[in-house]
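User: I'd like to go through the terms used for this model and see what backs each of them. Can you take my questions one by one?

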Amino acid sequence: MFKKSLGLFMFCFLLANILVAQTKTVTGNVTGKDDGIPVPGVNIMIKGTGTGTSTDFDGNFSIETAVGDVLVFSAMGLKTQEVTVAGENNLTIVMATDSEQLDEVVVTALGIKKETKALGYAVTEVGGEELSEIKQANAINSLQGKVAGVNVTGAATGPAGTSKVVIRGVSTLSGNNQPLYVVDGIPIDNSNLGSATRWGGSDYGDGISSINPDDIENISVLKGGAAAALYGSRASNGVILITTKSGKKGNGFGVDFSSSVQFETINTDIYEFQKEYGQGTDGNAPTTQEEALSAGMYSWGAKLDGSQVVQFDGVERAYSSTGDNISRFYHTGETYTNTIAISQAAENYHIRFSATDFTNHDITPNSGMNRKSFSLNAGMVNNEKLSVDLNTKYVLEDVQNRPRVSDSPGNIFFIVGLTPANISTETYKPGINEEGTEYRISSSSTYHQNPYWSAYYFSNQSVKNRFIGSSTIKYQFTDWLYMMGRAGIDQYLARITSVEPYGTAYKPLGGMSEQSYNVKTRDADIMLGFNKDLTEDFSLNALLGANNNAWSQEITSLTGTNFVLPGLEDISNVDTKNYDYANYKRERSSWYFSAEFAYKNYLFLNVTGRQDWFSTLSLAGKTSPNNYFYPSVNSSFVFTDAFDLPEWISFGKVRAGYSDIGGGVNDPYQLNLTYGITNTYAANGTSTPIGGITNSYLPNSELEPFSKKEYEIGTNLKFFNNRLGLDFTYYSNTTTNDIVAISTSTASGYSSGYMNLGELTNKGVEVLLSGSPIKNDKFGWDISYNLGYNKNLVVKTDDDGNPLFPGDAAYGVNSQSGAVEGLPYGAIYGTTFVRDDNGNIQYESNGTPTIGDYEVIGQGIAPWTMGISNNFRYKDFNLSFLIDAKFGADIFSGTSAFANYYGASKNTLVGRENGLDVSGVDSDGNVFSTTLAPSEVDTYYQQLYSIAEANIQSADFIKFREISLGYSVPSSILEKTFISSARVSLIGRNLFFLMRKTENIDPESAYNNTSANGIERFGRPTTRTYGVSLNFKF
Amino acid sequence: MKKTYILKFLAVLAISSFTLSCDKDYESMNVDPTSSDELDIIYEFPTAVLYTSGQRYETWRGNLIYSSTMVQHLSSLETYWSGDKYLWNSSYASAYWDAQYPQTIKTIEDMKYNIEANGDITNSNYAITRILRVLAYSRITDLYGDIPYSEAGKGYIDGNTRPAYDAQEDIYADMLNELSESAAMLTDGETADLGTADIIFSGDEGKWKRFANSLMLRLALRMVKVDESSAQQWAATAINGGVMESNDDIAYVQHEEGNGIVQNANGETFQADNTPRLSETFVNFMKDHNDPRLTIYGALPDGTDDYDVQQGLPNGYDTSTITNYDADFDLANYTAPSDLVNGRDVPMFFQTYAEVEFMLAESAYRWSLGTGTAESHYNAGVEAAMTYLSLYSSEATISSSEVSEYLEAYPYDASSALEMINTQYWAATFLNEYEAYANWRRTGYPELTPVNYSGNVTNGTIPRRLTYPTNEQTTNGTSYAAAVSSQGPDALTTRMWWDVE
């Protein structure tokens, strides 16, 4: 230290003697004081100008400067240093750790940056580079396995599908349990514009998927109530704060170009349908074309023997396996992403503009998406008092032919997966007859579409134009008092056109729909902040604010059935038309405060409060409250700063927090009975409007906000010069008076309604262990392991303790997933085998197992989630990979149920040769055994279709989630070019499973993003992704 | 310094005044701008009638897949036509309940409640609403047995989300009472306030009164096996009160090719599913009697309506086993519902005059009730059953000479009166399969030969009821359990109260 001060002094001395400035190139190297290894990414700026550069991976830099200029070296966590340029052409800078900034600064609620050491709760930050290197169409999927306690699952509905994020377990029995997404200070809309149910359909994506991964600077996950309490009722499921990139002070003018290409192929390891028996029924191959058509998807034929057997098209082909239809039908998917960003920054302004084109050609033929994202972030500071920031994004999204999933109509994978082994999907081509109708491959069900018909003649197109913008104005009255206003808007217009073509088997005349959405979120905050050292030891950081949030959604939809002119797919070309208009509005107003007391900068206490008023809980004459006050308190104690501790403990803090957050009703208009005019009746000669009750839910005029109380304790410890770190949290929360969408007896006239009845708890731990076992100038190894365990318990569903189910959204076959008292949320409930007291299975007289009552047969949400990531650096190369795992969950496999029914799965081979022996008891409890003849084994397996218990699988898995191998071109090579940095990486995602227990399905394959997991039904098949990404900076 | 304190004070003031008024307008904001908080009965009544007629979902499953095949009016080779093969498909079996309670029952109970709340209980609209209510519940109870009745459809009205099941015996007693009270409120020659919003009778109180009594007669006869004296007593009340007198009195709703509920749901099904055929049993019955209805009800799929080429498809076969019946099987050679009756714009019949005449014939035969002999009522019934078909289409007209030829060739025979009457009742209720199925269970006529499809769940007997929705076990478990313990297992083979052996 002394040496360096002396050096600095010498520089200053020299400076005083040099009066004439001269331009020259100064090169140098920056190393860390503690470990002596090069520090990459240090900002170097010529003081008083906007010119600057940064160190490369090896800590080297080079800058055009002049004698007399002052170079400012700054980096997160290091003490900023100023060096005045003198005669030397080469500088060696050693930067010391900034104890004040030992903990990095993180973005907390309301966008307020705080030092993590002051936080009495857990916050996890994920850097943007982790999202942009291995890009996901839905950026939030990149959090998979990276954040302890955050359970991320992308739906099996293709790249444009939704992502489900559950933080610290399901906390409300209704609602979707999705976190609040705040982008640059503005809560954005995350509505799902339609998803599949048990009856089929497509996933129309969510709101967060609009955010371009290349624009994300970082993501801050506020997991618990204490962290998120300043967002009040909206924070009950946690908050994910996304900060987008802006021009960085000190970087001067820069151009950043990145390009990536990714390929997707079917993960063929998963799909292992039987290839020994062919199409047919009762053990016989079809003998006529009609029989073949009627046999359709039935693989109950004879053993494949290579003989010539007629198929659905009347052509005789070899009765032998045709190989893998899935790989045959699906293409290699391709995704191209190109981003260019231009930024400029100086002392008093910064600006960054970026444009990204994201193009995907899905594995499903004739399906894909394009997303163009534009982002402009700018800011200025006027004489250190007034600062203005503007963040805008404009996103154009166009998705073609989202896959139809779940039930069979138009569901490609249903057919491609179940197609009998002796049939090649090639023979399904072209999918259309000469007269323009579906080329049918099966007559057994009108709902079994030729997949080429589904791919090329069904269509759905969804277009979204979205603007997200926010502006912040801050005025610093004095150095301890400021006022800030922030207003933002998130608005999009979306249009969905969906066509079931003329000539479709189940809809001979076809039909279509046109839907437009206009969704608007407006959010405004005003706050007054106070930040002052009250005494030498004691400081106060406080704010008082108010917020208003308004949301509206207008939906106009036109639906028509029965095309008049075949082939003209226009909404006017239908013989029956229907239109619908919906207009939803809701608003929330709030005031809030926060006060943080710090004692000697090692003991912190933060108290917050927020009161929310809900429009959705307001109704004339209502007696229960429409508002709620949400308090929180948290404290942090940095004991390593308070006491003298051994050197090997570099940092230590303990923390504790308590909060009461909760929520109201999301959907407006739930409180009163409403009527509307719904149709026109003209059959009696005069046209008469007719109408009725329009509520789909049973209205409840006395709903009130629910409460979620949570406490958490935790510690952050760092050892051995920060080489080893531990972050541990224990939390426990209880939701009471939860608003539940209870299933009511349909005989009441309603199948569901909202009531303040529910109660559930979550208890869990989050552990993050990080270490740097090797760290020197050539080689580095960082490893981190995160673990989340959440024990959820549904304490109360309704007054009678009935199970609650989200209904059609979480339905398998004779099974559904939902809330059962005394069990974790996501219990899978379905039909069972009937067993006697000794566990013997009961059989019907024909040898098929008896279908038993609905019982709990599995648990759909994994209590254990974890991830381990490794990052190796050798000179200019780095290799990183992520393995993640979930344990403790089950999944109901609709694929298994249908594969049992149609004889497609390998388990159905048992008994086909010599008959199937079954033994158990009969309905009177007597010993029963019989042998089903080979021609009758189908009845046995078809009964398994109806017994959900037979189709439950363990969803435990360990996935090799991500890998990337990168090379950064050393600055010594780039020195003489205009390129300041260049990096190339090879990436892979979801390459293989290290462990998987499911058969024929991916253990993560929900067909929508409902909270109740654990139900699979023919989503889009699972893929592997690999590719290359390039990044250049100029 | 002073300035900042003032600013701070102002800010606090601004914030507190903001919060004081921050739920201003919220009460009006939370009212759906696209809907109303009340609805005149003239808009709600037609909806209730159309809901009662049924939508494709429950009509396909309840009326056609189950009821029509169990009574051997229709047949299909497809295995999802569970009723054809006595297979149990829980969601098909419960489809009628699943659709009717949240639609028909909710709407009717709402209308009834609103009339009561408005104090309009002397208005004839109230009587008409109650008659429609009985029609709706009678169909549900006749399919399922004990059902939620007194507490049903009142989720909003009184917050009852788990209605108890009433015993069918009590439901019948109340329905008969309701019909009797309602009929008494109506006056021949007057028009109810509903007017043309009454899409069944255009507000004609006389027709409603006769319909109420005809429905009463139907319910009365339904009880004949379990409580003959009550059956006779209520039949007498009905007949004395005045039942339908001609095809003009038929209770039906005209449909159209619009969207949603305005369409005939049988027609919607036939458009979507071309697998059903007329049952061999039904076709042979008509062919044996040279019945002119055959080529009105049916035609080959290509439209061929030559009498001689028509043939019925036997029940209980699937696409592979059918070759045992017909080695050169071709579905195109079997009679399907004809274009005259399979449209989306044809009427749906709730009760026809023909049915009433057959019931009068039976009442005369059993108890010598009413005027006229069993034979005269039988003949009038047959005539009405043939002539009313013109309501489907003017092309579906059967001449009176054809009727007389038929009656001459197959005259009423008192020695097999009940069989003849109820077989004709069966032939007359084609496509109103709920009624055909209920009357068949009551009378056992015509004598149908059950099928014995492999894997059937009834041991080769024709089902006696449909099963409750499986979700009743979870959403209304206590009531469900009570119903099952009182009525018997929730199975297709369990007999309901009026269906004693």
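Predicted model: local features only at pLDDT ≥ 70, side-chain atom pairs only at ≥ 80, totals over all residues.

User: What makes the 160 residues a nonpolar core?

Analyst: They're called that because they are buried nonpolar residues joined through C-beta atoms within 7 Å. A:Ala228, A:Val239 and A:Ile242 have the most contacts inside this core. Its largest share, 6 residues, comes from helix H6 (residues 412–418) of chain A. Domain 2 and domain 4 of chain A each supply at least three residues.

User: How do you know what A:Ile242 touches?

Analyst: Contact here takes C-beta atoms within 7 Å. Leaving out residues up to four places away in sequence, A:Ile242 touches A:Tyr181, A:Val182, A:Val183, A:Ile211, A:Ile216 and A:Ile219.

User: Which residues does the second core include?

Analyst: That separate core has 146 residues, among them A:Ala747, B:Met359, B:Ala428 and B:Ile462.

User: What makes the span of H19(B) close to the expected one?

Analyst: Helix H19 (residues 417–428) of chain B has 12 residues and reaches 16 Å from first to last C-alpha, against 16 Å expected at 1.5 Å a residue.

User: And which residues of H19(B) count as buried?

Analyst: The cut-off is 20 or more other C-beta atoms within 10 Å. B:Met420, B:Ile421, B:Asn422, B:Gln424, B:Tyr425, B:Trp426, B:Ala427 and B:Ala428 are buried. Their cover includes helices H13, H16, H17 and H20 of chain B.

How values were computed
Residues numbered from 1 in each chain as written. Chains lettered and ligands numbered in written order. Buried ≥ 20, exposed ≤ 12 C-beta atoms within 10 Å, placed from the backbone. Helix = DSSP H or I, 4+ residues; strand = E, 2+ residues; numbered from the N terminus. Domains from an automatic or database assignment. Contact = placed C-beta atoms within 7 Å. Expected span 1.5 Å × (residues − 1).
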